[in-house]
Structures are given as C-alpha cells and as structure tokens.
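Colleague: I would like to learn how to read a model like this one. Please take me through it feature by feature.

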Amino acid sequence: RRCPPLLHLRSRPSAMPAEPAAAHAAEKPPLTSDYLDCAQLRFSLGCTTVADKAPLKAQLLKQIEEKEMAPFYRATCEALGWEADAALLAKLEAANATELARLSDAIKTAEESEGESEICSAMLAKAEFLMRIGERAKALAALEETYAKTVGLGPKLDLLLTKLRLALFFDDKKLTADTIDAAKGLLDQGGDWERRNRLKVYEAVFHISTRSFKKAADLLLDSVATFTATELISYNTFVLYTVTTSLLSLPRADLKSKVIDAPEILQVLGEIPHLANLLNGLYECRYRTLMEALVGIVDSLYADRYMHAHTRFYWRELRVLAYNQFLESYRSVSLAGMATSFGVSADFLDKESSGSSHS
C-alpha cells in the first residue's frame with residue numbers, strides 16, 4: 001500500500017481546508033539545525049585547535065539529554081574517550097525503549113484501523129525518532145520503508161532531504177551522493193522552487209566536503225537570494241561557505257558583482273570574524289590584511305566538519321592566488337618588497353616559492 005500525497009515534513013500554508021491527517025502533519029514544529037549541530041559539536045570537541053571545550057561539551061550533553069540520544073551518546077563517548085555516565089545512559093536507554101514501543105504500537109494501530117495517510121505519518125514518526133537518537137542503520141531502513149509507501153513528488157523530496165541530513169550527520173559520502181542523485185531525478189519530473197533551492201544548498205555542502213569548491217560556489221551563489229535551508233546550516237555559515245569557495249573559484253569581475261556587491265552577503269559579512277578582511281583584502285590588493293584574515297579564517301575552517309580535511313589546501317591555494325595577483329601588477333619586484341606587502345618575512349616567501357615550484 002502507498003501513502004497518498006498528503007504527508008509533508010514541513011508545514012505549508014494552504015488555501016484549501018485541511019483534512020484531519022494533513023492538519024495534524026501541519027502542526028509539526030519547523031525544522032531546525034539542532035540535529036546537525038550535534039554532529040558539529042562532537043566534531044569540534046575532537047578538534048585540537050578548539051581551545052575552550054568545556055562550553056561545547058556542556059552544550060552537547062544538554063542536547064543529548066533533551067533529545068534522549070542514547071546511541072549517539074554511546075558513540076560520542078567512544079569517539080572522544082569519555083567515560084560514559086552509567087546513570088544517564090540507563091535513563092536515555094529506558095526512555096528510548098518506551099518511546100520506540102509507543103511508536104511501534106501507533107504503526108500497528110494505524111495499520112489495523114486507520115487510513116494510508118495515518119499509516120505513513122506513524123511510520124515517519126518512528127523513522128524521525130530513530131534518526132534523532134542516532135540509530136543510523138535502523139533510521140535509514142525506516143526512512144526507506146516510508147519512502148517506498150509514499151506517493152507525490154513533494155513528500156518524496158522531503159523524505160530524501162531528511163535522508164540527506166542523516167547521511168551528512170554520519171558523513172556517509174556515498175549515501176549523500178546517491179540521495180542527491182535520486183532527489184535531482186525527482187526534480188526533473190517537477191517539484192517546487194523551494195525544495196529545489198534547498199537541495200542546491202545540500203549539494204553545495206556535499207561538494208565542500210569533497211573539495212569541489214567550484215561546484216559548491218556555483219550552487220551557493222545561486223541560492224544567496226533564496227536561502228531557506230536553515231535545518232542544514234545557519235545563514236552566517238552559508239555566507240562563510242559562499243565567500244570562501246567563491247574566492248578560489250570566481251574571476252575578479254564576478255567576485256565583485258556576485259559576492260562583494262551582493263546585499264544579502266553584505267548584511268551579515270561583518271558578523272563573521274575575519275571574513276570581510278579576507279574578501280576585501282584580496283579584491284583591494286591589501287595583502288597584509290588578507291594574510292592576517294586568512295590565519296583567522298583557517299582556524300574556523302579547521303574546526304568545521306565539512307572544511308576540516310581541506311584546510312591546508314585552502315590555506316595554500318589562497319596564498320598562491322594572492323601571490324600571482326600581486327606579481328601580475330609588476331614587471332619586476334624584489335622578494336623583500338613583496339614580503340613587506342604581505343606582512344611576512346623574505347625567508348617565508350622564499351620557502352613559499354620553493355614549495356610551490358615542487359608542488
């Protein structure tokens with residue numbers, strides 16, 4: 001049996017009176033980034049460049065307890081070398097067992113006495129619960145079972161976006177790539193602009209994680225004026241990704257028109273440490289400012305779970321870009337003069353040039 005196209009993971013206004021099941025689905029709270037924030041917090045706690053980890057640990061433990069994430073708590077303790085709080089773990093496991101029994105009973109009741117929409121709603125609730133607590137394999141199986149019974153492009157796309165959040169949470173790149181392909185296949189058949197634009201941001205984040213910065217920049221720039229994927233990343237993080245990937249990807253003229261002059265980016269640029277100086281330092285040829293900002297930005301990127309593996313690459317490539325831009329302005333220049341412009345020593349630049357020639 002398949003579910004009718006009444007189920008929506010995100011509530012939407014409707015001009016038509018809602019049926020009871022649809023009205024119940026519309027009461028669901030809006031999606032937030034809390035789920036993926038937990039993965040980022042755990043990553044930051046394992047990052048050597050993060051100095052003060054106590055507030056992050058407290059924040060993560062608060063989320064774990066509030067969301068009763070027993071499997072995720074066990075995995076986090078193992079990954080970070082924490083000694084698990086036996087009382088807390090027992091409490092979370094008991095809560096999980098109780099809720100899982102309730103959700104399973106709800107599915108059984110729906111199958112025995114209710115309609116297809118109610119059955120799908122009950123199945124989805126169980127899948128979302130398993131996803132929330134960090135039960136990867138069971139959540140994935142439950143999502144796929146729900147997807148198989150769902151009809152309608154919108155609900156199917158919402159399920160694939162949910163599956164993408166699960167894949168990104170566990171850094172499963174193959175699952176992420178396959179799910180993006182499946183969602184794009186559905187969008188070829190139709191789909192509304194809001195889901196299409198959200199998928200662009202999901203795909204861009206995936207490309208960042210695989211160091212395809214040009215593909216990521218193109219997708220992010222397409223989404224600047226229409227960003228709604230706040231369940232994935234905050235808008236400030238979106239702008240950070242947009243600017244940093246665009247710096248390595250865009251010609252100078254496009255950088256000006258698409259990034260520097262974009263009002264949506266300018267609105268929050270000053271809220272993100274070092275980003276304005278990084279962007280304007282390169283564009284305005286203020287190389288000392290650029291180098292100082294790059295040091296700060298690299299620290300932020302190193303602690304970001306999608307950019308972490310590519311931080312050294314980014315550090316090197318942006319410096320090379322700046323050096324080449326500087327040298328294009330001169331027929332000849334001394335090493336000492338160039339070092340002064342960049343605020344570094346001549347020895348540092350000499351080693352840089354030697355390293356570039358062997359890379």
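This is a predicted model: local features need pLDDT of at least 70, side-chain atom pairs count only at pLDDT 80 or more; totals for chains, interfaces and linings use all residues.

Colleague: How many helices and strands does the secondary structure of the protein come to?

Modeller: There are 19 helices and zero strands. Of the 359 residues in the protein, 44% are buried. The accessible surface is about 17,500 Å², and carbon and sulfur atoms account for 53% of that. Among contacts between residues at least 6 apart in sequence, 62% link residues at least 24 apart.

Colleague: Which residues have the most contacts inside the largest nonpolar core?

Modeller: The general idea is that nonpolar side chains tend to be buried together in soluble globular proteins. Here the largest nonpolar core has 97 residues, and those with the most contacts inside it are Leu232, Val243, Leu247, Leu275, Leu278 and Tyr314. Helix α8, residues 153-169, supplies the largest share of this core, with nine residues. Another core, of five residues, lies apart from it and includes Ile107, Ile119, Ala122 and Met123.

Colleague: What is Val243 in contact with, leaving aside its neighbours within four places in sequence?

Modeller: Val243 contacts Val259, Ile265, Leu269, Leu275 and Leu279. Just after α15, Cys285 has a positive phi of about 60 degrees.

Colleague: How far apart are the end C-alpha atoms of helix α17, and what span should its residues have?

Modeller: Take 1.5 Å a residue: the 18 residues of α17 (residues 311-328) should span 26 Å, and the end C-alpha atoms are 26 Å apart, so the two agree.

Colleague: Which residues of α17 are buried?

Modeller: Thr311, Tyr314, Leu318, Arg319, Ala322, Tyr323, Gln325 and Phe326 are buried. They lie on the same side of α17, because they cover an arc of only 165 degrees around the axis. Exposed residues Arg312 and Glu328 are on the face turned away from that buried side.

Colleague: Now a loop residue. Is Lys67 buried or exposed?

Modeller: Lys67 sits in the loop between α3 (54-66) and α4 (70-80). Its relative accessible area is 18%, so Lys67 is buried, given that the cut-off is under 20%. Not counting residues up to four places away in sequence, Lys67 touches Asp34, Arg132 and Ile133.

Note on methods
Residues are numbered from 1 along each chain as its sequence is written. Side-chain values use heavy atoms; hydrogens and water are left out. A nonpolar core is a set of buried Ala, Val, Leu, Ile, Met, Phe, Trp, Tyr and Cys residues joined through side-chain atoms within 4.5 Å. Buried means under 20% relative accessible area, exposed over 50%, partly exposed in between (1.4 Å probe, protein chains only). Helices (H or I, at least four residues) and strands (E, at least two) are DSSP runs, numbered from the N terminus. Contact means heavy atoms within 4.5 Å. The expected span of a helix is 1.5 Å times one less than its number of residues. The arc is that of the directions from the helix axis to the C-beta atoms. Accessible areas come from the Shrake-Rupley method with a 1.4 Å probe; for residues, only the protein chains shown count as cover.
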